[in-house]
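Colleague: I'm new to this one. Could you walk me through how to read it?

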Amino acid sequence: MSASKPELLVLHVLSPEHLVQLGQHFAVHYAPSAPERAQAIASMGARFHAVLTVGAVGLTAAEIDAMPQLGWIGSLGAGYENVDVQHAKARGIAVSNGAGTNDHCVADHAFGLVIAAVRGLVRLDRWTREGVWRNDIPLPPNVSGKRLGILGLGTIGQKIARRGEAFDMPVGYHNRQPKADVGYAYFDSVLALAQWADVLVVATPGGAGTRHLVNAQVLDALGPQGYVVNIARGSVVDTAALAVALREGRLAGAGLDVYESEPLPPAELLDSDAVVLSPHVAGWSPEAVQATVDLFLANAQRHFAGQPLVTPL
């Protein structure tokens, strides 16, 4: 990079320590809320050379056009569904993401939700605090031996599969196309996978193409002893259908790190003790966030040196 620091607009929440780290390389403008973002782009859009965002926050075509000097958009984490990548590329703007930096963290969290949902850990915790002893509650099922279906066998999906194998779980998956380098059972539709699986883990990208891919029919295929876990995007699971299936006993339980209403909690599910919820933190850990900030800076170094990005889109 040149001696004068490029101007960076940061649209995602970061710790003071990471802002200091970025400030060693950029003139940082921090605008993590919607009003701050709008004001920064309206008043200083002509100054920004780079934008740091995340898939859930994104960057629109209109915002891109309001920044005539913009040359690069970096998305922390693997997701970039709300970044208008096509429009950016049409303007000659480079785009990168944080692929690979939080895969282990997401897979860990996904499997934590599997265990919590199947064993009913949140419910067991509450009962214990209320003085209920084991003789007075239903027996929680095994996780080991359950059939694990993975919707989206990308890098994260494969890491979830390996964790399932450690629990002696047969693994199946659905992608648009079968993967040549894996030995797991392939199913040519989400419905077929759900009919086979005991636990369905959603690890597919978000966006219009996967909206409500897990619908009432898929939930019914999982059945009254089945579980769904979502660490992908809330839009992939039909929340209303999930609430009805749980309420009517047509599904045993769910573990959700993402939901359609976020950042608000899913109101339809709050009265169900068969659901384990977390606030979209599957990819968040000190290690994962540090890794994605480091990758962002590695991409920055290469971009401003005129070299190919490490993780281009």
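Colleague: How do the axes of helix H1 and helix H11 cross, and within what distance do they come?

Modeller: First, what you have here is a predicted model, where local features need pLDDT of at least 70, side-chain atom pairs count only at pLDDT 80 or more, and totals for chains, interfaces and linings use all residues. Residues are numbered from 1 along each chain as its sequence is written, and side-chain values use heavy atoms, with hydrogens and water left out. In general, two packed helices are described by the angle between their axes and the distance between the axes. Here, H1 (residues 16-23) and H11 (residues 286-304) have axes that come within 11 Å and cross at roughly 15 degrees. That makes H1 roughly parallel to H11 (angles under 35 degrees count as roughly parallel). Helices here are DSSP runs of H or I with at least four residues, strands are runs of E with at least two, and both are numbered from the N terminus. Axes are lines fitted to C-alpha atoms, for helices over the stretch in contact, with angles from 0 to 180 degrees between N-to-C directions.

Colleague: Which residues of H1 meet H11?

Modeller: On the H1 side, His18, Gln21 and Leu22. They meet Val289, Gln290, Val293, Asp294, Phe296 and Leu297 in H11.

Colleague: How do I read an aromatic pair, and how many are there?

Modeller: A pair of aromatic rings is described by the distance of the centres and the angle of the planes. Rings of Phe, Tyr and Trp (its six-membered ring) pair if their centres lie within 6.5 Å; planes under 30 degrees apart are stacked, over 60 edge-to-face, and the rest tilted. The count comes to seven aromatic pairs. One of them is Phe26 with Phe296, a tilted pair at 6.0 Å centre to centre and 40 degrees between the planes. Phe26 sits in the loop between H1 and strand S2 (27-30) and Phe296 in H11, so this pair ties together parts 270 residues apart in sequence.

Colleague: Are Phe26 and Phe296 buried or exposed?

Modeller: Both are buried (under 20% relative accessible area; exposed is over 50%, partly exposed in between, with a 1.4 Å probe and protein chains only).

Colleague: What kind of aromatic pair do Trp72 and Phe304 form?

Modeller: An edge-to-face one, 6.4 Å centre to centre with 85 degrees between the planes. Trp72 is in strand S4 (residues 72-76) and Phe304 in H11, so parts 232 residues apart in sequence are tied together. Trp72 counts as buried at 0% relative accessibility, while Phe304, at 28%, counts as partly exposed. Phe26, Trp72, Phe296 and Phe304 form one aromatic cluster.

Key: Angles under 35 degrees count as roughly parallel, over 145 as roughly antiparallel, 65 to 115 as roughly perpendicular and the rest as oblique. Contact means heavy atoms within 4.5 Å.
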